[in-house]
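Below are my entries, in the order in which I looked things up.

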Amino acid sequence: MRAVGDGIYLLSLTERFSCNSYLACSGKKKILIDPGNSSLDELQSQMRQAGASVDDISAILLTHSHFDHVANVELFEGKKVFMHAK
C-alpha cells in the first residue's frame, strides 16, 4: 500500500493474480476501486495500512469485469457497486 495522491491509496494485491486496487477517501466516504481477487487477509491488511476496514467502504467501483478485478466484490455485501454500462 502506498499513497498516490491526497486520500488515494494504491493497494497492490499480489497473493493470487496481481491486481492494482485503489482506495479513495474523502471525509467519511471510502470507495474501493477494483477489489481484486486476493484473500480477505491481504485485502484487509492493505486497507488497514490506509486507515480503512471492509466495513468502512461506502461503495465499490469496477473499472471492468475481468475476474482478477471483480472476484472480491462478494466480500462487500450490501454495498453499492458501480460499473460502466458497456
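**Entry: a surface patch.** I began on the outside and found that V4, I8 and Y22 form a nonpolar patch, with about 210 Å² of accessible area together. Patches are built from residues with over 30% relative accessible area and no salt bridge; nonpolar side chains (Val, Leu, Ile, Met, Phe, Trp, Tyr) are joined within 5 Å, like charges within 9 Å. A salt bridge would be a side-chain nitrogen of Lys or Arg within 4 Å of a carboxyl oxygen of Asp or Glu. The areas come from the Shrake-Rupley method with a 1.4 Å probe, and for residues only the protein chains shown count as cover.

I noted that V4 sits in strand β1, residues 2–5. Strands here are DSSP runs of E with at least two residues, helices are runs of H or I with at least four, and both are numbered from the N terminus. V4 counts as partly exposed because its relative accessibility is 40%; buried means under 20%, exposed over 50%, and partly exposed in between (1.4 Å probe, protein chains only).

**Entry: how to read this.** I reminded myself that this is a predicted model, where local features need pLDDT of at least 70 and side-chain atom pairs count only at pLDDT 80 or more, while totals for chains, interfaces and linings use all residues. Residues are numbered from 1 along each chain as its sequence is written, and side-chain values use heavy atoms, leaving out hydrogens and water.

**Entry: R2.** R2 is also in strand β1. Not counting residues up to four places away in sequence, R2 touches I8, Y9 and L10, where contact means heavy atoms within 4.5 Å. I also checked R2 against K79: they are 77 residues apart in sequence and 24 Å apart in space, C-alpha to C-alpha.

**Entry: the core.** Which residues touch the most other members of the largest nonpolar core? Of its 14 residues, they are L11, L23, L32, L43, I57 and F76. Such a core is a set of buried Ala, Val, Leu, Ile, Met, Phe, Trp, Tyr and Cys residues joined through side-chain atoms within 4.5 Å. I saw that β2 (8–13), α1 (40–49) and β5 (59–62) each give two or more residues to this core.

I then followed I57: beyond its neighbours within four places in sequence, I57 contacts L23, K30, L32, M47, F76 and K79.

**Entry: A52.** A52 is in the loop between α1 and β5. With a relative accessible area of 4%, A52 is buried. Leaving out residues up to four places away in sequence, A52 touches L23, K30 and M47. A52 and L23 are 29 residues apart in sequence, and their C-alpha atoms are 8.8 Å apart.

**Entry: S21 and D34.** S21 belongs to strand β3, residues 19–26, and is buried, with a relative accessible area of 0%. Its side chain reaches the backbone oxygen of D34 at 2.2 Å. D34 lies in the loop between β4 (29–33) and α1. D34 has a positive phi of about 55 degrees, although it is not a glycine.

**Entry: H64.** Where does H64 lie? I found H64 in the loop between β5 and α2 (67–70). The H64 side chain makes polar contacts with the side chains of T63 at 2.9 Å and H66 at 3.3 Å. A polar contact is a pair of N or O atoms within 3.5 Å; within protein, one must be able to donate a hydrogen and the other to accept it, and residues adjacent in sequence count only if both atoms are side-chain atoms.
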